[in-house]
Amino acid sequence: AMHLDAKPIAISFLIEPDRHLILYQMAYLHGPTSRSSPGKILLDYVIEMGIADRHSLLDLSVGDDLYKREICDRTMELTNSIKAHAPAGVGVVARGRAATALKAAIKSNAVVLNAVHKVNALRRIVLGSPSAGAGR
């Protein structure tokens, strides 16, 4: 983590299996300090640390964040493949594909996605979920 006046302004979550480094998540505090790019400064530190610790690979994990495109020379497309291996699995696969298609359709429409978020928030309030009232 990167701190300013004892408060975190950027954090990274790293996983270090074997001799490579996985940068699972990075975040920075939005506000006045964000103009100084604390996330990029912390990323530079992570890279320097990886080199000093003799890591042979830095994996920036999934996502199409701009900082990844600025420093990477390779990308890897991820796919989701669902296949039934027995006749009994055909229905399960069809249901899984339909659910994936529905999620993609919802996420591609901002109006529908916002409505789903509101319905889910209301459902949590009505059902008394511990996360009720937590805003998105």
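The chain carries 17 positive and 12 negative side chains, with the centres of the two sets 15 Å apart. For this count, Lys and Arg are positive and Asp and Glu negative, while His and the chain ends are left out; each charge is placed at NZ of Lys, CZ of Arg, CG of Asp or CD of Glu. The model is a predicted one, so to speak of local features a pLDDT of at least 70 is needed, side-chain atom pairs count only at pLDDT 80 or more, and totals for chains, interfaces and linings use all residues. Numbering starts from 1 along each chain as its sequence is written, and side-chain values use heavy atoms, with hydrogens and water left out.

On to the overall fold. Read along the sequence, the pattern is β-β-β-α-β-α-α-α, which comes to 4 helices and 4 strands (DSSP runs numbered from the N terminus, with helices being H or I of at least four residues and strands E of at least two). The chain is more spread out than a compact globule, because its radius of gyration is 21 Å, well over the 14 Å that the globule rule gives for 136 residues. That radius is taken over C-alpha atoms, and the rule is 2.2 Å times the number of residues to the power 0.38. Along its principal axes, the C-alpha trace spans about 50 × 40 × 25 Å.

Surface and contact figures come next. Of the 136 residues, 16% are buried (under 20% relative accessible area, with exposed meaning over 50% and partly exposed in between, for a 1.4 Å probe and protein chains only). The accessible surface comes to about 10,900 Å², and carbon and sulfur atoms hold 59% of that; the areas come from the Shrake-Rupley method with a 1.4 Å probe, and for residues only the protein chains shown count as cover. Among contacts (heavy atoms within 4.5 Å) between residues at least 6 apart in sequence, 41% join residues at least 24 apart.

Lys68 sits in helix α2, residues 66-71, and is buried at a relative accessible area of 7%. Its side chain reaches the backbone oxygen of Leu60 at 2.9 Å, a polar contact, that is, a pair of N or O atoms within 3.5 Å; within protein, one must be able to donate a hydrogen and the other to accept it, and residues adjacent in sequence count only if both atoms are side-chain atoms. Leaving aside neighbours within four places in sequence, Lys68 is in contact with Leu60, Ser61, Val62 and Gly63.

Asp53 is partly exposed at 38% relative accessible area, Arg54 is exposed at 68%, and His55 counts as buried at 14%. Not counting residues up to four places away in sequence, His55 touches Glu16, Arg19, His20, Leu21 and Gly50. Asp53 and Cys72 are 19 residues apart in sequence, and their C-alpha atoms are 20 Å apart in space.

Then there are the backbone angles. Most residues other than glycine have a negative phi. Arg54, not a glycine, has a positive phi of about 60°. Asp5 likewise has a positive value, with phi near 55°; Asp5 lies in the loop between β1 (2-4) and β2 (7-15) and is exposed, at 69% relative accessible area.
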